[in-house]
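This report describes a two-chain protein model, with attention to the contact between its chains and to selected local features.

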Amino acid sequence: MRGEAGLSQTATTPPRPPFIAIALLSAGALAYEVLLMRLFAIVQWHHFAYMVISLALLGYGASGTFLSLAQKWLLPRFKIAFCTNLGLFGISAVSCYLLAQQVPFNPETVLWDWREPLRLAVMYLLLAIPFFFAANAIGLAFISFRSDIAHAYAADLLGAGLGSLCVIGLLMISMPLPALGIIATLGLLSLLVAVFELRLLHPALSSVAVLCMVVGVALITQRAELEISAYKSLPQTLRIAGTEIIDETSSPLGLLSVVESKQLPLRHAPGLSLMARHEPPEQVAIFTDGAGMTVINNGHAPESAYNYLDQLSWALPYHLFKPQQVLVLGAGGGTEVLQARQHGVPEIDAVELNPQLIEIIRKRYGEFSNQLYDQAGVQLHIAEARGFVAGSKNKYDLIQLPLLDSFATSSAGLYALNESYLYTIEALSTYLSKLKANGYLAISRWINLPPRDTLKLFATAVTALEQAGIDEPGQRLILIRGWQTSTLLIKNGEVTSTEIDAVRQFASARAFDVAWFPGIKVEETNRYNLLDQPQFYNAARALLGPKRAEFIEQYKFNLTPASDDKPYFFQFFKWRTLPEILELSSRGGMPLLEWGYLVLVATLVQAMLASAVLILLPLSVLKSQHKKQSGFQKRSVLLYFSAIGLAFLFIEIAFIQRFILFLHHPLYATAVVLTGFLIFAGLGSAFARRLTQSNQHRRGVWFAVLAISNISVFYLYALTPLFELLMAWPVWAKIITTLFLIMPLAFSMGLPFPLALDRLGRDAPELMPWAWGVNGCASVISAVLATLLAIHFGFQIVILAALMLYLFAALSYSEN
Amino acid sequence: MSHNHYVDTLNFKLLRVLRNGLLLILMCLCNLVFATDVDDYAEQRAALIEEITDDVRATARYLGRRELNPSVLTALGQVERHKFVPWIDRYRAYRNQPLPIGHGQTISQPYIVAIMTDLINPSAEHRVLEVGTGSGYQAAVLAELVGQVYSIEIIEPLGRAAGKRLQALGYDNVTTRIGDGYYGWPEQAPFDAIVVTAAASHVPPPLIEQLKPGGHMIIPVGSRFLTQQLVLITKNEDGTLQTRQLLPVRFVPLTGKHD
C-alpha cells in the first residue's frame, strides 16, 4: 500500500496548506451556521430552527462519508477539488437558504399531516449542502497535508473563532438577509485566497471569475425577502387592512418590526379584566422575530384610555400600598412604566435588554409616547434583567416582572433553546434580596391549562423563601388570576389583613379570582373564572404543605422548580404523560404536548439514525479495500473520535451557560466564550505540532485529558464563588477574566483531535476522512444531547459526563 | 477495479429505486386529489360524525353537560365541509383536524366546532353573532340551528369568498360583512350568543355589552391549529358575568384522582 500512501504527495500539491483559505472558510461556515439560526428563528419558530440547523450540520458528517468513498479520486486533484468546494460553498450558502425558506413548513400540523415531515426533510437536505461543501474542503486539506494537520486544524479553529465574533458584529450592522450575502461573499473570497495560496490558474482570470460570482450573489440577495411563516403573529397582524411595517432594524437580539395600523386600531391588552369598560389608547406594535408583540402606547390620549392599565392583574400591588421606587424588568414598549406613572410612582427604574427597541421608542416615537423613557423620575437601563438586579445597589418597594414571552434567550440562538435564568430559584432569591422591607415582587405569567407556569412559579417562590430561612412562606405569598394571566406577589415581610382585604376588593371588582393569600378559604376561590376544580388553590395548598413532593410527583406536568444548574423553567414535559396525550390526540389532546422538549428528542433521534448511516456506510467500502486493518483499529478510531467530538461540545455548552451567569448578557457570554474557546483551542492545536514532530502523541493526549479534567473539576467548585466575588466589576473586566479562565481549558481541549488525526495519518491514512466524519456526527449529537442531559440532570452532570468521555477517549487511544 | 464497480452498481440500483419511488408517489397523489365524488363525501361525513359523537360523549361530562345536544351533531352532519376547504384539500375535508384555508387562517377542527356550538345552547329563535367568519363553516353550522347569523370578517378576500359561498349553498339566514369585529354589530345587537373565533388579546368590552342577559359567548383560546381551552362567558339575568374555562379534552392533571 505504499503507492497509495504517496498519492497525496504528488506534484500538484503545494508544500504548505492554504492556511488563510482554511481560516476564512471556517469563519464563513460558522458565521453561516449562526446566521441560519437567526434567519430561521425569524421565518419559523425557534425550536424548529434549532432542529433544522442541528440536522443540517450533519453535512459535516456526510462530508466525511463522501471523502472516505471518493478520496482516491479527489486527492490527486486536490487543488481543483479544494477550490471547487469553496466556490460551491459560497454559492450554495445563499441559494440553499433562499430555496429552504420557500418550503411551507407548518410545525403545528406535523403530527397530522404526512407532508410536514417530508418538508422538514427537504429543508435539512437543502441546508446541509453548504456545510457539506465547507467540510469537504477542510477535510481534503487535512487529508492532503497529513504532515501538518496540527497547523491546518489550528487554522480551522482560529478561523471559526474569528467567524463567531465577526458574525455577531455583522448582525449588529446589517439586516439578516444581506448578512447572508456578505457571508457568501466571504466564502468566495476564501476561494480567491485559495487560488493565490495554491498558485492555481491565472490570478487575474480567477479574480474576475470570483468577482462575477460575488456580483451574482449580491444581486440575488438584494432582491430576496424573508418569507415568514403565515401563522406567526406578525404576518397575521399584517393581514388587517391598513396595517403595515413602518420600519425594521436588526441586531443579534432579534429583528424588530415596527407596525402601525392606519385604519383599524391595534388594541393589545392581554390579561384585561372582563369588567373593563374602556379600550386601550392608540398603539404602535413592535414585533421581535415576527412574533412577541410589545406595544407603545400613545402618551397623549384622554385619561379614560389609561384606565385599562388598572384593569390588568399586575396592577394589584398598587392597591396594596403606595410604592415610591419601582423596578420594571423587561420594559419593552413601556406599558408597565406607564402603569407605574398612572399610579403616581415618583421613581421608576426600567430595564430593557434590546437597545434598538429603546432607540425606536425614543427617536421615532418620542413625541408619540410623550417621552416615556425620558420623563423626570424614569431611569432607563439597557441591561440584562438579572444582571442588573445582581449588580444594583438600590432596593425597591416594588419589582415588576411582567408577561415576558417565552421566546428563547438570544445567545445568538446558537446552542440555546429553552434556558431562562429569569425564573430560577436563585433568580427569585436575588430579586427578593433587592426588596425594601415590606416591598413586593410581582411576577405575571400567561395561564396555560392545565396549570403549569403559574404553579411552577409558585413552587419556585416557596423554595426561594425557604432557602432564605423563612419558616412560613405561605404568609408572604399572594396569587390571583384572570382567565388569561396570573400574578404572583411575594412580599418581603408578612402579608397584613389590610392588604388581604385590598386583594379581595381588587379581585372582585375586576372579576379576577384569588388563588392564595394567608388565611384564604376555599369558598373564596374559583368564583369568576370557573375551572372544574379550584386547581390553583389546591395546588398552592399542596405546595405549601407537607405533601409537596408527592404533589409534584403526581402532577402530570413537571413542576420541579428550575435552578441555575438546570435553568429550564419552560420544561414541563413528563414522559409518563405522553401515552395518555397521544391517545387523546384527535380529541383535543394535542395542545397538551410540550413542543420544546419533543423537538429536542426528535432531533436527537434523527441525528443518531443519520449518523449511524453516515458512519457505517463507508465502513463496508473500506473493509473491501484494506484487509490489513483490524476491526480493533477501526473501533478505537470510532470510539476515540466520537468521544472527543461529544466531550468538546459538552464542555463548551456547559461553560457558555456558566458564564452567562457571570456576564449576564446572553450575547456577550456566548460571543466571548465561544470565540475564546475556539481561538485558544486553535492555539492549542498549533502547539500540538510540536508534540507530533517529536512523536509524543500518546503523552500529549494524556496530558490534555488530565489538564482538562483537573481544570474542569476545579472550575466546578471555584467558579460560583469567584463570580460572586467579582460581580460588581465592569463588563470589560469580566470579559477579560472570562478569557483568562477559558484559556487553559480550551488550550488543552485543542490537543486531542489533531494529535490523533496526525497519528492516524501516519498509520492508516485512508481512515482519516472517516474519522473526520465521525467527529462531525458526534458534534451534532453532542449539542442536542448536552441540552437533554442538562434538562434532566443539570449542567454539572454534563461537565462530569464530558470528563468521563475524555478519559474514555484517552484509554481507547491506541497506537498501531 | 472492484471498488469502482461496486460503487457503480450501487448508484444504478439507487437510481432505479428512486425512479420507482417517485412514480409511486405521483400516482398516489393523483388518486387522492381527483378520485373523490359526492357519495364518497357523504360517507366520509357520516364517518366523521360518528367519530365526533363518541369523542364528544366522553368529554361531555368534563364540559359540565349532562349530555350533548343531538341537534348539533345533526347540523354538523348536514354541512358539506368539503365545500369550505380549498379544492386541493377536499380529500381530507372530513378528517377530524383543522385545515389551512389561505391568508394564514384555518377552518376549525370539527370536534371543537361541535363542542363550541353545543356550549352556546343554540335554539331556533336565536340571533347569533360570529366574529371571524373565516371559511364560513362555523356560520353554516350555526345557520342550521338558529334563526339568524351575523358574521364579521376582517380580512376582505376571505370575508367576500365566505359570503359568496354561504349564499351559494343556500344559507340565507346568514348575513356577512367585512369589518372590525371589536365593536361587534351594534345595529343588530343584542345577541343570544356570540362566537369569537378571531384572535384578540382580550375580550372586547363592546361585545360583552351586545350579549343578551342569559346569553353565552364562546372564545377558543390557543393557536390557529391547536385549541387549548374554551372560555364560555355567560351573562346572568342581572347583567353580571360568569366565566368558565373549559379544557376540550378529557384530561386530569393529577394522577390518582378519579372523575
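Which residue of chain B forms a salt bridge with A:R267? The partner is B:D180, and the closest N and O atoms of the pair lie 2.8 Å apart. A salt bridge here is a side-chain nitrogen of Lys or Arg within 4 Å of a carboxyl oxygen of Asp or Glu.

The model is predicted: local features need pLDDT of at least 70, side-chain atom pairs count only at pLDDT 80 or more, and totals for chains, interfaces and linings use all residues. Residues are numbered from 1 along each chain as its sequence is written, chains are lettered from A and ligands numbered from 1 in the order in which they are written, and side-chain values use heavy atoms, with hydrogens and water left out.

**Interface**

Contact (heavy atoms within 4.5 Å) links 52 residues of chain B with 61 residues of chain A. The table gives further values for this interface.

| Feature of the interface of chain B and chain A | Value |
|---|---|
| Buried area | about 5,100 Å² |
| Share from carbon and sulfur atoms | 59% |
| Salt bridges | four |
| Residue pairs in polar contact (both at pLDDT 80 or more) | 20 |

Buried area is the accessible area (1.4 Å probe) that two parts lose on being put together, summed over both. A polar contact is a pair of N or O atoms within 3.5 Å; within protein, one must be able to donate a hydrogen and the other to accept it, and residues adjacent in sequence count only if both atoms are side-chain atoms.

**Strand pairing**

Helices (H or I, at least four residues) and strands (E, at least two) are DSSP runs, numbered from the N terminus; two strands pair if DSSP finds at least two bridges between them. Strand β13 of chain A (residues 529-530) pairs in the parallel sense with β9(B) over two bridges, and A:N529 stands opposite B:T243 of β9(B).

Within chain B, strand β3 (residues 127-131) runs parallel to β4(B), joined by five bridges; B:R127 has B:Q148 as its bridge partner. Five of the six residues in β4(B) (residues 148-153) are buried, so this strand is largely enclosed by the rest of the structure. Buried denotes under 20% relative accessible area (1.4 Å probe, protein chains only).

**A loop residue of chain A**

A:D148 lies in the loop between α6 (115-144) and α7 (149-173) of chain A. Its relative accessibility is 11%, so A:D148 counts as buried. Leaving aside residues up to four places away in sequence, A:D148 touches A:P17, A:F19 and A:R689.

Definitions and conventions. Buried < 20%, exposed > 50% of the residue type's maximum accessible area, 1.4 Å probe, protein only.
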